[in-house]
Amino acid sequence: MAFEGLTEKLSAAFKRLRGKGRLTEADIREAMREIRMALLEADVSYKVVKDFVARVSERAVGADVLESLTPAQMVVKIVNEELVSLMGGANAKLAVSSRPPTVIMLVGLQGAGKTTNGAKLAGYLKKQNSRRPLLVACDVYRPAAIKQLEVVGGQLGIPVFQMGQGDPVEIAKAAVSHAVQHGNDLVLLDTAGRLHVDEELMAELKNIKSAVRPAEILLVVDAMTGQDAVNAAKAFDDALGIDGVMLTKLDGDARGGAALSVKATTGKPIKFVGTGEKLDSIEPFHPERMASRILG
Ligand code: GDP
């Protein structure tokens, strides 16, 4: 992650405020204008920026800030708190079924990083939570996708369930039975992706959803696509219903718009982030850590 532009512009705005000592409402207005510009340039969606700046302004022009001895510091604190809240407050955990196996359905557009990050997630949960995952090849349209899942599963020592080019609904059901028989307490379904959200794909995903009732539908989106990632999240949530988002390729995202817009736009939290091509490049998403990084 390298949201340098955003970090630089915000710290420039705060520096100007600090240089002023006591603040007037006009000083705050000028700072808000700078914060608005910085967020828009970071590709945060317009509506999210507008609401964010309105919330910060309302708090910042209060008497306790303007009359405080360290008003600039108080503005920074407000921006920090509002950034944390914008990204969902606390870390949102994955759902766990009371009766194993927990089924997690990974969905997303082609190239978002579903296969790689599904495997990373399986590896993470195996290592950190001592889970016994089963990866399932439900993307039956691209033979290469099945092979790719077997390769990454192999590298992580995680079993991969596949039935070739069969019916993805039947594969998902068979995989859950297989997991029950083999003691896998976690089933991760790698579903098919398309270039765009289309009805046929959504119908297939809905059929898988009703057949296996996943505890969690996790949407994988590419951070580098900025607002397109946010739009994809909205479309998947409207059509299928998602529980959370996995934001991939954060290592290559220079702006940060998706990280800052997803929760506010869809109401669904980012739960994990992908931070590189290696299979251990995955982290749970912590809004407060992200806000600190952004504020530098
Ligand atoms: P899928 O089509 O959604 O299954 O996408 P893949 O899992 O095949 O990933 C597409 C490309 O993105 C691959 O070249 C991955 O190595 C790459 N990729 C996935 N996650 C990350 C990440 O967090 N950072 C970087 N830099 N590359 C990633």
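**Entry 1: the ligand**

I looked up which residues surround the ligand. There are 18 of them, and Gly111, Lys114, Thr115, Thr116 and Asp251 come nearest. The model is predicted: local features need pLDDT of at least 70, side-chain atom pairs count only at pLDDT 80 or more, and totals for chains, interfaces and linings use all residues. Residues are numbered from 1 along each chain as its sequence is written, and side-chain values use heavy atoms, with hydrogens and water left out.

Next I sorted the shell by type. It has 2 nonpolar, 10 polar and 6 charged residues. Here Ala, Val, Leu, Ile, Met, Phe, Trp, Tyr, Cys and Pro count as nonpolar, Asp, Glu, Lys and Arg as charged, and the others, Gly among them, as polar. Helix H6 (residues 114-129) gives the most to the shell, with 5 residues. Helices are DSSP runs of H or I with at least four residues, strands are runs of E with at least two, and both are numbered from the N terminus.

Then I checked distances to oxygen atoms of the ligand. A side-chain N or O atom of threonine 116 is 2.4 Å from one. For glycine 113, a backbone N or O atom lies 2.8 Å from a ligand oxygen. For alanine 112, the backbone distance is 3.3 Å. Taken alone, the ligand exposes 590 Å², and the protein buries 80% of that. These areas come from the Shrake-Rupley method with a 1.4 Å probe.

**Entry 2: helix H3**

Which residues of H3 are buried? I found Val48, Val49, Phe52, Val53, Val56, Ser57 and Ala60. Buried means under 20% relative accessible area, exposed over 50%, and partly exposed in between (1.4 Å probe, protein chains only). The face turned away carries exposed Lys47, Lys50 and Glu58.

**Entry 3: helix H9**

I repeated the check on H9. Leu201, Met202, Glu204, Leu205, Ile208 and Val212 are buried. Their arc is only 160°, so they share the same side of H9. Exposed Glu199 and Glu200 are on the face turned away from the buried side.

**Entry 4: aspartate 139**

I found aspartate 139 in the loop between strand E2 (133-137) and helix H7 (143-156). Is aspartate 139 buried or exposed? Its relative accessibility is 5%, so aspartate 139 counts as buried. A polar atom of its side chain lies 3.4 Å from the backbone nitrogen of tyrosine 141.

Note on methods: Near = heavy atom within 4 Å. Polar contact = N/O pair within 3.5 Å; in protein donor to acceptor, adjacent residues only side chain to side chain. Arc of directions from axis to C-beta.
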